[in-house]
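Thanks for coming. I have one structure to go through today, and I will keep it short. Please look at the sequence and the model first.

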Amino acid sequence: MKKLLLSVSVLLALTTGKAQEANQYVTVENQNGATLGYSPSSGVKIITKDGLKFKDLNKNGKLDAYEDWRLPVDERAKDLAQRLNIEQIAGLMLYSGHQAIPANEVGFAADTYGGKPFSQSGANPWDLSDNQKVFLKDDNLRHVLLVGVKSSEIAAKWNNTMQAYVEGLGFGIPANNSSDPRHSGQVTGSTVAEFNAGAGGEISVWPDGLGMAATFEPELIKRFGQIAATEYRALGIGTALSPQIDIATDPRWYRSSMTFGESPALSTDMARAYIDGFQTSTGKDEIADGWGYKSVNAMAKHWPGGATGEAGRDGHWAFGKFAVYPGNNFETHLKPFTEGAFKLDGKTGMASAVMPYYTISYNQAEDGTNLANGFSKYIITDLLREKYNYDGVVCTDWMITGNEGVTPGDFAGKPWGVEDKTIAKRHYIALMAGMDQFGGNNEKGPIVEAYEMGSKEHGKKFMRARFEASAVRLLRNIFRLGLFENPYLDPNETAQIVGNPEFMQEGYTAQLKSIVMLKNKENILPIKERKTVYIPKIYSPSVKDWWGNWSQPRLDMPANLDMVKKYYNVTEDPSKADFAIVFISGPFTNNDGGGYDKNDRKEGGNGYVPISLQYGTYTAEYARDHSIAAGDPVVDPTITNRSYKGKTITASNTTDLNTVLATKEMMNGKPVIVVANLSKGMIFNEFEDKVDGIIIRFSVTEQAVLDVISGAYEPSGLLPMQMPANMMEVEKQKEDLPFDMQCHKDTEGNVYDFGYGLNWSGVIKDARTAKYGLNK
């Protein structure tokens, strides 16, 4: 008889008998088989067959196929899908609004997309909120999106509390928790990693997507995926809502920061490496086909490319609902998916999930419709599923079935193309288009109603089969990770894994590799001697967040001076300094990406304004006379031309330019080094000729920048996108075409084009530039 090992792990510091019962788990080890984990509070028992142990998840006293860890994943998923009723499948199709741990601490509005305030129940920060219990039990939800995490230990304990709770419900289906990218460095100004605010907890820190791209090293990105996946699994996270593999062909798009830049070839290779790193388990961690206990599902986004919003506007708002293709380059934007995410080098084969973008791919559907990608049968079924044979999970972006706001500038639901339909009807349209899951929806009701609509139109047999097909895809991604066998974590192990020194060091090395030196006049850099530096404070203006809330203005020191003093002496008097470092952020307008002004609409305009990449006042002299796509047919139907030609705008952080110019004057001819934190393209002609050095970073720490300036590390990063010569070039370029701008040329004769960067010897030319240079 095979040896059976039992152990009881008390996971939490407990204060009550009830809490103690709910927060224990038992592990059962099968020799040469799966290790099981279950909570005594769930009512699950262990049953024995053929000398092996299995969890009786549905508590019927016998081993069902879905409980048998020896069987292939597809067989288990199909068995369980057949057992579920429509309401239970509807619950699998839900993806929660953003959840914080503890539930009463969050960097956003409580339960951001769910619209309900949090209610924390219980005395411990890892207890479930009342709302979480409702959507887990009453709505059968099993996919939870996590944002704020107070600490890794609390995250592990919350995971165990939650998994014990759902293990005791119905068929004992474990939760598949997920996260948006959470490894980017702490940033300020306009750079916003989506929902990264309040991520909290120690975790390894890496560059953002553009920073990763600036390394031009897919193998480094694969290593990031391996480390991030290890940390995610230690936090109880089984799905990454990443990578973001849109090709950033418009320099104005504010979500460029999380892409891999402007190059189709580089973006494709980065996408493949990233997903291989996240999804692949090896050795003892592998269960089957490359999947296993160290795997994290990767949800590649945004199909079929979301970076071509007209005039650089973003699809989170009605003013950015249209993606346009004036260069007829729609197919190129598919390549990071079809040649990268769907053609992995590793055994998992392809990304296990895909998220379409909010936008309407304007005039691209061969069926003649103009619906948002998540509602388009052509985009999802005809193109993704049938032409490219994709059979993974397809999940909507968050809140596409909700009602839009009162004006195109309101942050609310995003039902582009089906604005006049009911919420339930939108769910039905999306399901019939080929979607499996609804991001940001906590309630099963509209999905059940959509099922009834389909049953009336196609019959119950058809709709049952349609729902089961999605259930199999969704369950497959849970089975692959071994969560049915053991979803529990040891908080002590979690604390040792997440943000451990080895991972932190590898992340820091990647930060260094991502830094790009653009200008080094008279080889002013590196500054190795312990000289005296002047660093001016930076003014952060009041800016409006996604929900219309304004921040408080402030004047801050942009770097920790105690850290700076490890490199140089510091003075507040420019006359006593040997050189100056000015830390700035790229030009931005509020935190909505820009492009719409409610006041302009109130004053009789159409509401549409330019998105500027310069600090100074900009008038859109070269903008289109007439927009490619029309306006909003529901909330503002009278607007048929969204052109902003002749309108004027000034960047919210125009004082960054003033600080650079003032510092130059105060330094009286002594060197001035500018460090720009970029999240998209930038115009450099306002100050480049007045400074001695320019370094750009992509959401990495000031310490990494100082290691470069001081010569501790030689810069090796390359520009992942073009930096335009002026705003005329920005207006003339086509949203869907890469490499179609004249770039800035500096006083040293260097052109800030894709793939450009300096090291101490001059312009970098190596194997990376040979492989990914222009026209590659």
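Leaving aside neighbours within four places in sequence, Ile47 is in contact, meaning heavy atoms within 4.5 Å, with Leu52, Lys53, Phe54, Asp56, Gly61, Lys62 and Leu63. Before I go on, this is a predicted model, where local features need pLDDT of at least 70, side-chain atom pairs count only at pLDDT 80 or more, and totals for chains, interfaces and linings use all residues. Residues are numbered from 1 along each chain as its sequence is written, and side-chain values use heavy atoms, with hydrogens and water left out.

Back to Ile47. The residue sits in strand 4, residues 45–49; helices (H or I, at least four residues) and strands (E, at least two) are DSSP runs, numbered from the N terminus. Is Ile47 buried or exposed? Ile47 is buried, at a relative accessible area of 17%; buried means under 20%, exposed over 50% and partly exposed in between, with a 1.4 Å probe and protein chains only. Val516 is 469 residues from Ile47 in sequence, and their C-alpha atoms are 59 Å apart in space.

Next, helix 7, residues 218–234. Of its 17 residues, 13 are buried, so the helix is largely enclosed by the rest of the structure. Its expected span, 1.5 Å times one less than its number of residues, is 24 Å, and its end C-alpha atoms are 24 Å apart, which agrees. Just after helix 7, Gly236 has a positive phi of about 85°.

Last, the cysteines. Cys395 is buried, with a relative accessible area of 0%, and Cys743 is buried at 6%.
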